[in-house]
Amino acid sequence: MSQHNSARLPYHQLSSKAFMGLVNVSETIKKGPLGTRLAELVFLRISQINGCAYCMDMHWSALVKDGADPRHLNAVAGWREAPFFSERERAAFRWAEIITATPHSDASDDEYAKLKALFSDAEISDLGFAIAIINAWNLLNAGMRAPIPQAG
């Protein structure tokens with residue numbers, strides 16, 4: 001049986017410049033036109049899809065600390081049926097799911113038009129970076145088995 005709660009290696013130290021580059025992109029996205037809440041919601045949703053427990057815990061905790069209702073966050077995976085999310089949040093979740101599922105999905109012109117109806121070009125661009133960066137973090141943390149920090 002493998003040890004799922006111990007890190008394989010300290011990639012953040014071994015590749016510190018690349019690690020800090022990803023940190024900088026993540027922080028830039030949260031300070032950009034999407035805002036922290038929407039960026040964190042997208043980060044949480046994609047982390048759920050990719051099964052990255054470390055990232056799910058991190059982004060759930062950040063949202064709660066920022067005042068999000070834990071009940072609403074518990075429903076992020078079921079956003080289509082949950083009444084807690086705005087039209088913009090739903091559109092961002094949908095686009096994030098489509099892009100994350102590439103090449104098994106279709107980022108069609110119709111889907112893009114739905115996004116464009118609710119977001120500016122700058123917001124759509126930042127959403128693309130948000131989707132890309134959280135996928136990168138998920139792959140790194142899951143592959144290196146980043147342990148979930150102890151509570152407290």
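A salt bridge is a side-chain nitrogen of Lys or Arg within 4 Å of a carboxyl oxygen of Asp or Glu. The structure is a predicted model, in which local features need pLDDT of at least 70 and side-chain atom pairs count only at pLDDT 80 or more, while totals for chains, interfaces and linings use all residues. Residues are numbered from 1 along each chain as its sequence is written, and side-chain values use heavy atoms, with hydrogens and water left out.

**View 1. Salt-bridge network of Glu-27, Lys-30 and Glu-40.** Salt bridges link Glu-27, Lys-30 and Glu-40 in a network. Across the whole structure, a search finds 9 salt bridges. Glu-40 is located in helix α3; helices are DSSP runs of H or I with at least four residues, numbered from the N terminus. With a relative accessible area of 4%, Glu-40 is buried (buried means under 20% relative accessible area, exposed over 50%, and partly exposed in between, for a 1.4 Å probe and protein chains only). Neighbours within four places in sequence aside, Glu-40 is in contact with Lys-30, His-59, Ala-62 and Leu-63, where contact means heavy atoms within 4.5 Å.

**View 2. The salt bridge between Glu-123 and Arg-88.** The side chains of Arg-88 and Glu-123 meet in a salt bridge, at 3.0 Å from N to O. Because Glu-123 lies in helix α8 and Arg-88 in helix α6, the pair ties together parts that are 35 residues apart in sequence. Glu-123 counts as buried, at 12% relative accessibility, whereas Arg-88 counts as partly exposed, at 28%.

**View 3. Two salt bridges of Glu-111.** Glu-111 forms a salt bridge with Arg-94, and their closest N and O atoms are 3.0 Å apart. Arg-94 belongs to helix α6 and Glu-111 to helix α7 (residues 109-116), so this pair ties together parts that are 17 residues apart in sequence. Glu-111 also forms a salt bridge with Lys-114, with the closest N and O atoms 3.8 Å apart. Lys-114 and Glu-111 are 3 residues apart in helix α7, and are therefore separated by about one helical turn. Glu-111 is buried, with a relative accessible area of 12%; Arg-94 counts as partly exposed, at 33% relative accessibility, and Lys-114 as exposed, at 52%.

**View 4. Packing of helices α7 and α8.** Two packed helices are described by the angle between their axes and the distance between the axes. For α7 and α8 the angle is about 120 degrees, and the axes are 10 Å apart. This makes α7 oblique to α8. Axes are lines fitted to C-alpha atoms, for helices over the stretch in contact, and angles run from 0 to 180 degrees between N-to-C directions. Angles under 35 degrees count as roughly parallel, over 145 as roughly antiparallel, 65 to 115 as roughly perpendicular and the rest as oblique. Tyr-112, Leu-115 and Lys-116 in α7 meet Asp-121, Ile-124 and Leu-127 in α8.

**View 5. The largest nonpolar core.** A nonpolar core is a set of buried Ala, Val, Leu, Ile, Met, Phe, Trp, Tyr and Cys residues joined through side-chain atoms within 4.5 Å. The largest core has 24 residues, of which Leu-34, Val-42, Phe-43, Leu-115, Phe-119, Leu-127 and Trp-137 touch the most other members. Two or more residues of this core come from each of α2 (16-31), α3 (35-50), α6 (87-100) and α8 (121-143). The largest share, 7 residues, is that of α8. Another core, of 11 residues, lies apart from this one and includes Leu-63, Ala-68, Leu-73 and Phe-85. Trp-137 is in contact with Tyr-11, Phe-19, Leu-22, Val-23, Ser-26 and Cys-55, leaving aside its neighbours within four places in sequence.

**View 6. Surroundings of Ala-96.** Ala-96 has its place in helix α6 and is buried, with a relative accessible area of 0%. Leaving aside neighbours within four places in sequence, Ala-96 is in contact with Val-42, Ile-46 and Ile-131. The C-alpha atoms of Ala-96 and Leu-127 are separated by 7.9 Å, and these residues are 31 apart along the chain.

**View 7. Surroundings of Arg-45.** Arg-45 is found in helix α3 and counts as buried, at 11% relative accessibility. Residues up to four places away in sequence not being counted, Arg-45 touches Val-76, Ala-77, Trp-79, Phe-93 and Glu-97. The side chains of Arg-45 and Gln-48 make a polar contact at 3.1 Å. A polar contact is a pair of N or O atoms within 3.5 Å; within protein, one must be able to donate a hydrogen and the other to accept it, and residues adjacent in sequence count only if both atoms are side-chain atoms.
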